[in-house]
Amino acid sequence: MAEQQHILHPDFWVDKHSDYLFNFAIARVNNYDLAKDLVQETFFAGLKSAKNFEGKASERTWLVSILKRKIIDYYRKINSTKGQAEVKMNFYEDGENEGSWIEERVPQNWENATEKSIENDELKQQLDYCISKLPEKYAMVFTMKTIQEFETEDICKELDITSSNLWVMIHRARTQLRKCMEDNWFKK
């Protein structure tokens, strides 16, 4: 059975893909204007590299891969200050296994779906607030690894840090987030 060859239709990108790409971007950068800019840059990059499209992936998958690169480039750009001291210490490699502390603290018995939705929205707002209070690099690494689910190797390569340094930053970010959430959410 022959593999399906996908074709690009740039005239329909905005109508077919802009909402999806915007939602993808906003979830990863948490900034409305920046997300819009990244989607626009994705469309421009797609037009410029359309001749390289091989048709092996769907149009949307191809655009999402361009958008992911734009997001990584954004994080790389805001992290480009060289010479920042790296903290070198041993940190266990399964560090991503901790961090379920938020889910463990959320009440399990909900009165109804409306209350659950309100509670989840408030929790997300509080978590976003606490992330915004982290040092910039901690917030970036935590967001890329825990929320955006980038691979450790990709984050380390993009941010020019070691995996030990990444896990130290994630541990410190989680510790600070836990304190912030406890102070501002769980003790309300």
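Begin by selecting Glu158 and Arg69: their side chains make a polar contact at 3.4 Å. A polar contact here is a pair of N or O atoms within 3.5 Å; within protein, one must be able to donate a hydrogen and the other to accept it, and residues adjacent in sequence count only if both atoms are side-chain atoms. The model is predicted, so local features need pLDDT of at least 70 and side-chain atom pairs count only at pLDDT 80 or more, while totals for chains, interfaces and linings use all residues. Residues are numbered from 1 along each chain as its sequence is written, and side-chain values use heavy atoms, with hydrogens and water left out.

**First stop: Arg69**

Display helix H3, residues 59-78, where Arg69 is placed. Helices (H or I, at least four residues) and strands (E, at least two) are DSSP runs, numbered from the N terminus. Is Arg69 buried, exposed or partly exposed? With a relative accessible area of 39%, Arg69 is partly exposed, because that class lies between buried (under 20%) and exposed (over 50%), calculated with a 1.4 Å probe on protein chains only. Leaving aside residues up to four places away in sequence, Arg69 touches Arg76 and Glu158; contact means heavy atoms within 4.5 Å. Thr42 may be selected as well: its C-alpha atom is separated from that of Arg69 by 8.9 Å, and the two residues are 27 apart along the chain.

**Second stop: Glu158**

Move to helix H7, residues 152-159, which holds Glu158. Glu158 counts as buried because its relative accessibility is 9%. Which residues does Glu158 touch, not counting those up to four places away in sequence? They are Arg69, Ile72 and Arg76. Cys156 can be selected next; at 11% relative accessibility, Cys156 is also buried.

Select Glu149 in the loop between helix H6 (136-147) and H7. Glu149 has a positive phi of about 60 degrees although it is not a glycine, and its relative accessible area of 62% makes Glu149 exposed. Then select Asp160, in the loop between H7 and helix H8 (163-186). Asp160, another residue other than glycine, has a positive phi near 55 degrees.

**Last stop: the disulfide**

Finally, select Cys130 and Cys180, which form a disulfide with sulfur atoms 2.1 Å apart. The pair links distant parts of the chain, with Cys130 in helix H5 (residues 113-132) and Cys180 in helix H8, 50 residues apart. A disulfide is counted when two cysteine sulfur atoms lie within 2.5 Å, and this rule gives 1 disulfide. The link of Cys130 and Cys180 is left-handed, with -80 degrees about the S-S bond. Both Cys130 and Cys180 are buried.
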